[in-house]
Amino acid sequence: MRTKLSPSAAALAAVFLLFMLASPALAQAKKPERANVSFPAPDGTALGAYLALPPGSAARPGIVMVHEWWGLSADIAAMADRLAREGFAVLAVDAYRGKLAQTAAEAGALRSGTPAAQVASDLDAAYAWLSRHPRVDGSRMGALGFCFGGAQAMLLGTRQAGLGAVATLYGTGLIQEESALGELGRRGAVLGIFGDKDAGIPPAQRQGFKEALAARKARYAETVYVGVGHAFVKDEEVDKPGPARQAWAQVVAFLRDELGTAQGQ
């Protein structure tokens, strides 16, 4: 008998198939372990996610990765694999519960139509699940995200005191007041990656975020890459010379400096 996949599981399976078809060279290379995983949301919904683990049995730092406004796409799965090959246990979450946009209009509708409280509770559940995973050192947890996900990683940092590192890659809606930072920057460092041609995140907004973190006396590093706009760090760009490769190397170095890799390394 053929098992019928749930809409969420079917969407995730399609992501993985597209990723493998689009990346035959990577399919032949040494890959991290990958699996479909699920865990319950506070409302009882089974949440799907993409888990990428390095080889071996050592407990690794855990990273919650949040996708762009499109949803959990093949590109995000590939970026999770990249980070796993650097020694991190990466959970790429699905903030849209199985929905994936194909057009900008659909992406905008998903972003605006998904309740913020639901996204927050789902990401908190993902953080808790990953921190308890047997291959994860729950004392070394980080978060990163792209675009919509950059904002969500920042907001996760406001709620989760256990995060030791938060990286926002061109996250919109940057916090402007120290009073709104919550737990962000109290324990761990924060990294901001932006493009100087990103009209959606003006310099004044970046400056307000920097000043809010400075008031907190948080450790904050910011890099504004020249000649690029929004969403410039893509899997297909990271291996080419240029800002995407530089920004990704900076993210990996930041996470390694703040969280380390495997125990004993």
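## Basis of the model

The model is predicted: local features need pLDDT of at least 70, side-chain atom pairs count only at pLDDT 80 or more, and totals for chains, interfaces and linings use all residues. Residues are numbered from 1 along each chain as its sequence is written, and side-chain values use heavy atoms, with hydrogens and water left out.

## An enclosed strand

Start with strand β6, residues 163-169. Helices (H or I, at least four residues) and strands (E, at least two) are DSSP runs, numbered from the N terminus. Seven of the seven residues of β6 are buried, so the rest of the structure largely encloses this strand. Buried means under 20% relative accessible area, exposed means over 50%, and partly exposed lies in between (1.4 Å probe, protein chains only).

The chain reaches β6 from strand β5 by way of helix α6 (residues 148-159), in a right-handed β-α-β crossover. Right-handed means that, with the strands pointing away from the viewer, the path from the first strand over the helix to the second runs clockwise.

Strand β5 covers residues 136-146 and pairs with β6 in the parallel sense over six bridges. Two strands pair if DSSP finds at least two bridges between them. F146 stands opposite L169 of β6. Strand β7, residues 189-195, also pairs with β6 in the parallel sense, over five bridges. Here L169 stands opposite I193 of β7.

## Helix α5

Helix α5 runs over residues 116-131. Its 16 residues reach 23 Å from first C-alpha to last, close to the expected 22 Å. The expected span is 1.5 Å times one less than the number of residues. Buried residues of α5 include V119, L123, A126 and L130. An α-helix has 3.6 residues a turn, so residues three or four places apart point the same way.

D94 sits in the loop between β4 (89-93) and α4 (104-113). D94 is buried yet has no salt bridge. The nearest side chain of opposite charge is R97, 8.3 Å away. In this count Lys and Arg are positive, Asp and Glu are negative, and His and the chain ends are left out. A polar atom of the D94 side chain does lie 2.6 Å from the backbone nitrogen of G98.

## Salt bridges

The structure holds 13 salt bridges. Each is a side-chain nitrogen of Lys or Arg within 4 Å of a carboxyl oxygen of Asp or Glu.

E178 and R216 meet in one of them, at 3.0 Å from N to O. E178 lies in the loop between β6 and β7 and R216 in helix α7, so the pair ties together parts 38 residues apart in sequence. E178 is partly exposed at 29% relative accessible area, whereas R216 counts as buried at 12%.

E258 and R219 form another salt bridge, also with 3.0 Å from N to O. E258 is in helix α9 (residues 243-259) and R219 in the loop between α7 and β8 (220-225), 39 residues apart. Both are partly exposed: E258 at 27% and R219 at 46%. K240 and E237 also form a salt bridge, with their closest N and O atoms 3.4 Å apart. Shared partners join the salt bridges of D43, R97 and D122 into one network.

Terms used: Polar contact = N/O pair within 3.5 Å; in protein donor to acceptor, adjacent residues only side chain to side chain.
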